[in-house]
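Please view the sequence and the structure first, and then read the notes grouped by topic.

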Amino acid sequence: MNKVLTFFKESYAELKKVVWPSRQEVVSSTWVVIISITIFAIVLGLVDFLLILGMDLIF
């Protein structure tokens with residue numbers, strides 16, 4: 001039981017050390033992720049489309 005209490009005390013102490021990002025940082029990072037995913041999806045869709053065209057020409 002002592003180990004469990006020690007674990008929670010140490011976990012709480014570590015959470016006090018965490019530097020949480022501001023709302024502006026979170027929103028900015030979210031936009032970067034959304035734009036990156038969109039670009040990646042477009043590139044993959046284009047590659048898929050070109051591969052399908054190539055397969056249709058071969059077969």
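**A nonpolar surface patch and its setting**

A nonpolar patch on the surface is formed by V27, W31, I34, I35, I39, V43, V47 and L51, and together these residues have about 750 Å² of accessible area. The model is a predicted one. Its chain contains two helices and zero strands. With a radius of gyration of 24 Å, well over the 10 Å that the globule rule gives for 59 residues, the chain is more spread out than a compact globule.

**Overall form and surface**

- Taken along the principal axes, the box filled by the C-alpha atoms of the chain is roughly 70 × 35 × 10 Å.
- Of the 59 residues in the chain, 0% are buried.
- The chain exposes about 6000 Å², and 74% of that area is supplied by carbon and sulfur atoms.

**Helix 1**

- Helix 1 covers residues 2-17 and has 16 residues.
- From its first C-alpha to its last, helix 1 reaches 23 Å, which is close to the 22 Å expected at 1.5 Å a residue.
- The number of buried residues in helix 1 is zero, so this helix lies largely in the open.

**The salt bridge**

- One salt bridge is found in a search of the whole structure.
- E14 and K17 form a salt bridge, and their closest N and O atoms are 3.3 Å apart.
- E14 and K17 are separated by about one helical turn, because they are three residues apart in helix 1.
- An α-helix has 3.6 residues a turn, so residues three or four places apart point the same way.
- E14 is partly exposed, since its relative accessible area of 46% falls between the limits of 20% and 50%.
- K17, by contrast, counts as exposed at 58% relative accessibility, because the limit for that class is over 50%.

**The aromatic pair**

- The structure holds one aromatic pair.
- F7 and F8 form this pair, with 5.4 Å from centre to centre and 70° between the planes, and the arrangement is edge-to-face.
- The pair is classed as edge-to-face because its planes are 70° apart, and an angle over 60 degrees places a pair in that class.
- F8 counts as exposed, with a relative accessibility of 52%.

**Helix 2**

- Helix 2 covers residues 23-58, and V47, a member of the nonpolar patch, is found in this helix.
- V47 has a relative accessible area of 42% and is partly exposed.
- F49 also has its place in helix 2.
- With a relative accessible area of 49%, F49 is partly exposed, because exposed residues must be over 50%.
- Q24 lies in helix 2 as well, and at 66% relative accessibility Q24 counts as exposed.

**Distances along and across the chain**

- F49 and F7 are 42 residues apart along the chain, and 53 Å separates their C-alpha atoms.
- Q24 and T6 are 18 residues apart along the chain, and their C-alpha atoms are separated by 35 Å.

Methods
Residues are numbered from 1 along each chain as its sequence is written. This is a predicted model: local features need pLDDT of at least 70, side-chain atom pairs count only at pLDDT 80 or more; totals for chains, interfaces and linings use all residues. Side-chain values use heavy atoms; hydrogens and water are left out. Rings of Phe, Tyr and Trp (its six-membered ring) pair if their centres lie within 6.5 Å; planes under 30 degrees apart count as stacked, over 60 as edge-to-face and the rest as tilted. Buried means under 20% relative accessible area, exposed over 50%, partly exposed in between (1.4 Å probe, protein chains only). Patches are made of residues with over 30% relative accessible area and no salt bridge: like charges are joined within 9 Å, nonpolar side chains (Val, Leu, Ile, Met, Phe, Trp, Tyr) within 5 Å. Accessible areas come from the Shrake-Rupley method with a 1.4 Å probe; for residues, only the protein chains shown count as cover. A salt bridge is a side-chain nitrogen of Lys or Arg within 4 Å of a carboxyl oxygen of Asp or Glu. Helices (H or I, at least four residues) and strands (E, at least two) are DSSP runs, numbered from the N terminus. The radius of gyration is taken over C-alpha atoms; the globule rule is 2.2 Å times the number of residues to the power 0.38. The expected span of a helix is 1.5 Å times one less than its number of residues.
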